[in-house]
Amino acid sequence: MISKLPRWVEYGSFLLALVAGLVNAIGLLGFKHQSISHLSGTATLLGVGVVDSTFAEVFHLFTILVSFLIGAAISGYFLRTGALKLGLNYSKLLCLEALFLLAAVYFLSNDSLLGHYLASTSCGLQNALATTFSGAIIRTTHVTGIFTDLGIMLGAKFRGESFDKRKALLFMLIILGFILGGSLGAFFFVILKFQALYIPALICLLLALSYSIYNTKYGRVSSEKLNG
């Protein structure tokens, strides 16, 4: 049941959506107006590019897609489950995401396309961090599915079915975080350019630290209950 959703998932989802909004806004403003945190637009550009763009541009878009896939594969390898639960390697993966973003700053500041690919890898890694919890599909790097699920819930409510307020709150927090991240990304890009990516990298590191502390405290308590 979604009512059993621990608060760390709600807070973490909001902050991860904030990170994705930041990265995506910086990408739209600085990466040739390309989306970074999700791939629908990039895949469309790739399809169009096959017809009317150069090989170099098509290869670049293809590599963006592959980079996102690699990031998701990294999470899939280390987590080995699609369900959110305490005790998994979220902290290490968040630190790795931060590392990708920090490296992206370096390469982007030196006009290297590798920075684009590292930013895309970080988003793929993040999106695979949180997949499902008690029937709620959680995606933090794009909001199309979130709006769709929320619309389905509203339609069911109008039909007379019960409305899961906790799940709706989770979805609203993700939407709010993504939009707020976009605003902050646009604001800080004007001031810091690609160095604005330091901000989502820092948030990832703080999230990693917070989760480690939470996991140490409550993971031990859960283990003691099981053994008791």
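**Notes on a helical model**

1. Let's start with H116, which is found in helix α5 (residues 114-129); helices here are DSSP runs of H or I with at least four residues, numbered from the N terminus. This is a predicted model, where local features need pLDDT of at least 70, side-chain atom pairs count only at pLDDT 80 or more, and totals for chains, interfaces and linings use all residues. Residues are numbered from 1 along each chain as its sequence is written, and side-chain values use heavy atoms, with hydrogens and water left out.

2. Is H116 buried or exposed? H116 has a relative accessible area of 6%, so it counts as buried (buried is under 20%, exposed is over 50%, partly exposed is in between, using a 1.4 Å probe and protein chains only). Leaving aside residues up to four places away in sequence, H116 touches F31, H60, I64 and L108, where a contact means heavy atoms within 4.5 Å.

3. Now have a look at α3. This helix has 25 residues and runs 36 Å from its first C-alpha to its last, close to the 36 Å expected at 1.5 Å a residue (the expected span is 1.5 Å times one less than the number of residues). Its buried residues include H60, L61, I64 and F68. What covers the buried residues of α3? The cover includes α2 (40-52), α4 and α5.

4. F62 also sits in α3, which spans residues 55-79. With 44% relative accessibility, F62 is partly exposed.

5. Next, the largest nonpolar core. It has 50 residues, and V23, L129, I174 and L197 touch the most other members. A nonpolar core is a set of buried Ala, Val, Leu, Ile, Met, Phe, Trp, Tyr and Cys residues joined through side-chain atoms within 4.5 Å. Among the helices that each supply at least two residues are α1 (7-30), α4 (90-109) and α8 (198-227). The largest share, 10 residues, comes from α1. As for I174, not counting residues up to four places away in sequence, I174 touches S13, A17, I138, R139, V143 and I146.

6. L192 lies in helix α7 and is partly exposed at 33% relative accessibility. F187, V190, I191 and L192 make a nonpolar surface patch of about 400 Å². Patch residues have over 30% relative accessible area and no salt bridge, and nonpolar side chains (Val, Leu, Ile, Met, Phe, Trp, Tyr) are joined within 5 Å, like charges within 9 Å. A salt bridge is a side-chain nitrogen of Lys or Arg within 4 Å of a carboxyl oxygen of Asp or Glu. Areas come from the Shrake-Rupley method with a 1.4 Å probe, and for residues only the protein chains shown count as cover.
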